[in-house]
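I opened this entry to keep a record of what I looked up in one protein model, element by element and pocket by pocket.

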Amino acid sequence: MTLWTLFFKNSKILSEQFDKDPKKMMLINNIQHKNEIINIYLSTSKNINLSDLEKLCDSVGWIRRPLKKVKIAIKNSFLIVSLFQISERENKLIGFARATSDYAFNATIWDVVIHPEFQGKGLGSILVNQIIKDLREAEITTITLFADPEVLSFYKNLGFLSDPNGIRGMFWYPK
Ligand SMILES: CC(C)(COP(=O)(O)OP(=O)(O)OC[C@H]1O[C@@H](n2cnc3c(N)ncnc32)[C@H](O)[C@@H]1OP(=O)(O)O)[C@@H](O)C(=O)NCCC(=O)NCCS
């Protein structure tokens with residue numbers, strides 16, 4: 001288990017920090033990453049640099065989407081959570097997730113992504129748990145998402161059920 005893993009898995013301080021500043025908060029400071037000292041911040045601001053988001057999505061091989069539409073999707077999302085690596089050299093978007101909602105009963109989580117250099121350190125779990133926490137605070141009880149087959153266990157670890165009571169997701173695509 002790495003120092004990172006230990007920190008992220010055991011820290012209660014994280015959620016206390018989340019409560020203090022809803023827009024931007026330091027998750028971890030002064031950690032060694034690739035020969036430099038970095039800090040990691042979590043932000044719930046919708047003010048995302050679209051080209052940085054495109055780079056992050058490129059890094060995990062996602063198909064590009066028109067930036068104009070991505071901008072609208074972010075603007076109309078209920079909640080955005082992003083993670084930044086901040087060092088003397090750069091300020092880099094390393095994680096992102098968002099949720100849409102009817103603001104009453106239902107919410108759906110979309111676009112959960114962690115940069116490959118930072119995967120496996122607990123950051124994806126922090127993103128999703130932050131979204132769940134904020135949705136629960138908004139008294140939204142039904143939280144859904146669409147999981148690629150290879151990440152089912154990631155979401156199951158976080159408490160998501162696949163096909164509960166036999167309910168199946170259905171899609172309509174233009175022919
Ligand atoms: C899926 C993703 C967001 C997970 O983020 P992460 O920061 O690497 O995940 P964590 O470190 O918080 O992992 C938490 C747990 O889930 C498991 N897990 C993480 N990624 C996994 C994967 N791809 N497949 C299976 N299990 C995974 C971890 O092993 C860990 O389990 P543990 O607590 O028993 O050790 C990240 O791998 C990613 O961005 N992947 C590419 C984009 C993607 O597929 N997004 C999901 C679209 S539906």
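**Ground rules.** I am working from a predicted model, in which local features need pLDDT of at least 70 and side-chain atom pairs count only at pLDDT 80 or more, while totals for chains, interfaces and linings use all residues. Residues are numbered from 1 along each chain as its sequence is written, and side-chain values use heavy atoms, with hydrogens and water left out.

**The chain.** I looked up the secondary structure and found six helices and six strands, taken as DSSP runs numbered from the N terminus (helices H or I, at least four residues; strands E, at least two). Read from the N terminus, the order of elements is α-α-β-β-α-α-β-β-β-α-β-α. Of the 175 residues in the protein chain, 42% are buried; here buried means under 20% relative accessible area, exposed over 50% and partly exposed in between, with a 1.4 Å probe and protein chains only. I also noted that, among contacts (heavy atoms within 4.5 Å) between residues at least 6 apart in sequence, 57% join residues at least 24 apart.

Rolling a probe the size of a water molecule over the atoms shows where empty space is left. The search used a 1 Å grid over the protein atoms alone: a cavity is a set of points where a 1.4 Å probe fits but cannot get out, a pocket is an open set with protein on both sides within 12 Å along at least five of seven lines, and lining residues have an atom within 4 Å of a point. Grid points are joined across faces, edges and corners, and a volume is the space filled by probe spheres set on the points. The largest pocket holds about 990 Å³ of space. I find 38 residues in its lining, with Trp62, Val112, Val113, Asp148 and Tyr155 nearest the centre. Helix H3 (50–59), helix H4 (67–75), strand S5 (106–114), helix H5 (123–137) and helix H6 (152–157) each supply at least two lining residues, and S5 gives the most, with six. By class the lining has 23 nonpolar, six polar and nine charged residues, where Ala, Val, Leu, Ile, Met, Phe, Trp, Tyr, Cys and Pro count as nonpolar, Asp, Glu, Lys and Arg as charged, and the others, Gly among them, as polar.

**Second largest pocket.** Its volume is about 780 Å³, and of its 24 lining residues Thr144, Leu145, Leu161, Asp163 and Pro164 lie nearest the centre. H5, strand S6 (142–145) and H6 each supply at least two residues here, the largest share being the four from S6. This lining divides into 13 nonpolar, seven polar and four charged residues.

**H3 against H4.** How do the axes of H3 and H4 cross? They come within 11 Å and cross at roughly 105 degrees, with axes fitted as lines to C-alpha atoms, for helices over the stretch in contact, and angles running from 0 to 180 degrees between N-to-C directions. That makes H3 roughly perpendicular to H4 (65 to 115 degrees; under 35 is roughly parallel, over 145 roughly antiparallel and the rest oblique). Leu50, Leu53 and Glu54 in H3 meet Leu67, Val70, Lys71 and Ile74 in H4, a contact of five nonpolar, no polar and two charged residues.

**Two buried residues.** Ser82 lies in strand S3 (residues 79–86) and is buried at a relative accessible area of 1%. Setting aside neighbours within four places in sequence, I list its contacts as Tyr41, Leu42, Ser43, Ile48, Leu93, Gly95, Phe96 and Leu127. Gln130 is in helix H5 and is also buried, at 3% relative accessibility; Gln130 and Val81 are 49 residues apart in sequence and 7.7 Å apart in space, C-alpha to C-alpha.

**Two positive phi values.** Most residues other than glycine have a negative phi. Asn35, in the loop between strand S1 (24–33) and strand S2 (36–43), has a positive phi near 65 degrees and is exposed, with a relative accessible area of 76%. Glu139, in the loop between H5 and S6, has a positive phi of about 60 degrees and counts as exposed at 64% relative accessibility.
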